[in-house]
Amino acid sequence: MSRSGVAAAVTRALARVVNPATGRDVVAGGQVADIAVDGDGRARFVFSLRKGDPGALVRQARAAAGSVDGVSSVKVDVQLPQTPAAGSAGDSGSPGAARPARSRSRAPAGAVPGQPPKRGLQPGSVPAPVPQPGILAGVARIVAVSSGKGGVGKSMVATNLAAYAASKGLATGLLDADIYGPNIPIMFGEARRPSVTGEKGSEMIVPLEAHGVKLMSLGFLLEREQPAIMRGPLIAGILKQFMEQVTWGELDLMIVDMPPGTGDAQLSLVQTVELDGALMVTTPQKVATGDVRRGVKMFERVNTRVVGVVENMCGFRIPGSGEVIDLFGRGGGEELAEELAVPFLGRIPLDLAVREAGDQGRPTVLSAPGSPAGRSLAEIGERLREALDGLPPRR
C-alpha cells in the first residue's frame with residue numbers, strides 16, 4: 001500500500017475513535033490534524049485535547065493508528081488545552097496551537113470602587129510569559145526537569161539525561177536553576193571555579209565541562225557551606241545571567257535542573273526563554289504525585305508543554321533473593337500521566353548504583369550502564385529524544 005493509502009487508512013481508523021465528552025469521532029470533531037506516514041511506516045499526527053476530554057483518549061487514538069496495516073510506529077504531538085486569558089468569556093473548545101500566542105496584559109494595580117474591574121490577573125489565572133528573543137539562540141532544544149516537591153530525584157534524572165545525551169553525540173549543556181540547593185557540581189564531580197573571558201564591562205562566564213556536558217551552577221561560585229540567601233528578584237537575575245552571560249555556544253540540547261515547587265525560578269525561566277517542554281519527576285506515592293499534578297498545571301497555565309512524567313524510586317530488589325519490594329508504592333506516576341494526558345516516559349527502580357554514582361560524581365548511565373537504574377535512565381533518555389524529535393523547531 002502506498003504512503004497516501006496508509007495515511008488514508010489511518011484517518012479512517014481514527015474516525016472510529018469517539019470522544020465520549022462530545023459524542024463525535026475525533027476526526028469529524030477536528031481534534032486530529034496533519035496525519036502523515038513516512039516511507040518506513042512511521043505515522044504522525046497532531047491531537048488537540050480539549051477541556052473535559054478523558055485522559056485515555058490520546059492512548060485510544062494512538063492504538064487505533066497503530067492497528068493499521070503498514071504502520072510500524074505512531075508518534076502523537078499532543079496539544080494541551082489553552083487556558084483562557086483572564087477576563088475572557090470562557091473556553092470555546094476549539095483546538096489551540098502548539099505554541100499559543102502569549103499575552104502581554106498585566107495585572108491591575110487594584111480595583112476601583114464603582115467601576116468595572118480591569119482586564120488582567122484574576123484569581124486562578126497566571127499572566128502568560130513573554131520570552132525574550134535572542135537568548136540562547138544557539139540552543140536547539142531546551143527542556144526543564146521539574147517536580148512538585150523536593151527529594152524525588154529530580155537532579156539525578158537531569159544529570160543522567162544530560163550525560164546520556166552527550167554520550168550519544170549531542171552537544172549538551174546543563175543549567176542548574178536550583179539556586180537554594182545546587183547539587184549538579186557534586187553529581188558531576190566538579191569543584192572548579194568557572195573562568196571569565198572578554199573585555200571589562202562585557203565579561204562572559206565560561207561553563208565547566210564534565211563527562212561531555214557543559215555545566216553552569218551557582219554551586220561553582222559559592223563556598224562549599226555557603227547558603228544562598230536571596231529573594232525572588234535575585235533568583236531571576238541569576239538565572240538570566242546564566243542564560244545571557246555564559247558562553248554556551250551551539251548546543252543540540254540544554255537540560256535545566258529546576259528547584260521543586262511552582263515559584264520564582266519556574267516563572268522566571270518561562271518568562272526569559274521559550275522552552276520546548278518540561279519533564280516532571282515524581283515518586284509513586286500520592287504525597288508526591290499530588291504536588292507534581294500542581295506542577296503540571298502550572299506549566300500548562302504558562303503555555304509550556306509537558307513532554308513526559310518519570311516515576312523514580314519504584315521497587316527495590318533485595319540483594320541475593322531477587323525479591324522486589326515497592327517501598328514507596330508503584331504506578332502513581334503512570335496513573336498521573338494517564339490522568340493528565342501526558343506521556344509516561346518510564347520508571348526508575350531504587351538502585352544502590354544511583355547513590356554510588358551521585359557520591360562519586362559520575363552519572364549512573366556512564367558508571368553503571370548495565371544496572372537496573374542505568375538501563376531505565378537510558379530508555380527514558382531515548383524516549384525524551386523521540387519526543388523532542390517530533391516537535392517543531394524553537395525558531
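What share of the contacts in the protein with a separation of 6 or more comes from residues 24 or more positions apart? The share is 73%, with contact meaning heavy atoms within 4.5 Å.

## Model and overall make-up

This is a predicted model, in which local features need pLDDT of at least 70 and side-chain atom pairs count only at pLDDT 80 or more, while totals for chains, interfaces and linings use all residues. Residues are numbered from 1 along each chain as its sequence is written, and side-chain values use heavy atoms, without hydrogens or water.

The protein has 11 helices and 15 strands (DSSP runs numbered from the N terminus: H or I of at least four residues for helices, E of at least two for strands). Of its 395 residues, 48% are buried (under 20% relative accessible area, 1.4 Å probe, protein chains only).

## H7 against H8

H7 (residues 286-301) packs on H8 (residues 332-340) at about 30°, with axes 10 Å apart (lines fitted to C-alpha atoms over the stretch in contact; angles run from 0 to 180 degrees between N-to-C directions).

H7 contributes Thr289, Val292, Arg293, Val296 and Lys297 to the contact. H8 contributes Gly332, Gly333, Leu336, Glu339 and Leu340.

Notes
Buried means under 20% relative accessible area, exposed over 50%, partly exposed in between (1.4 Å probe, protein chains only).
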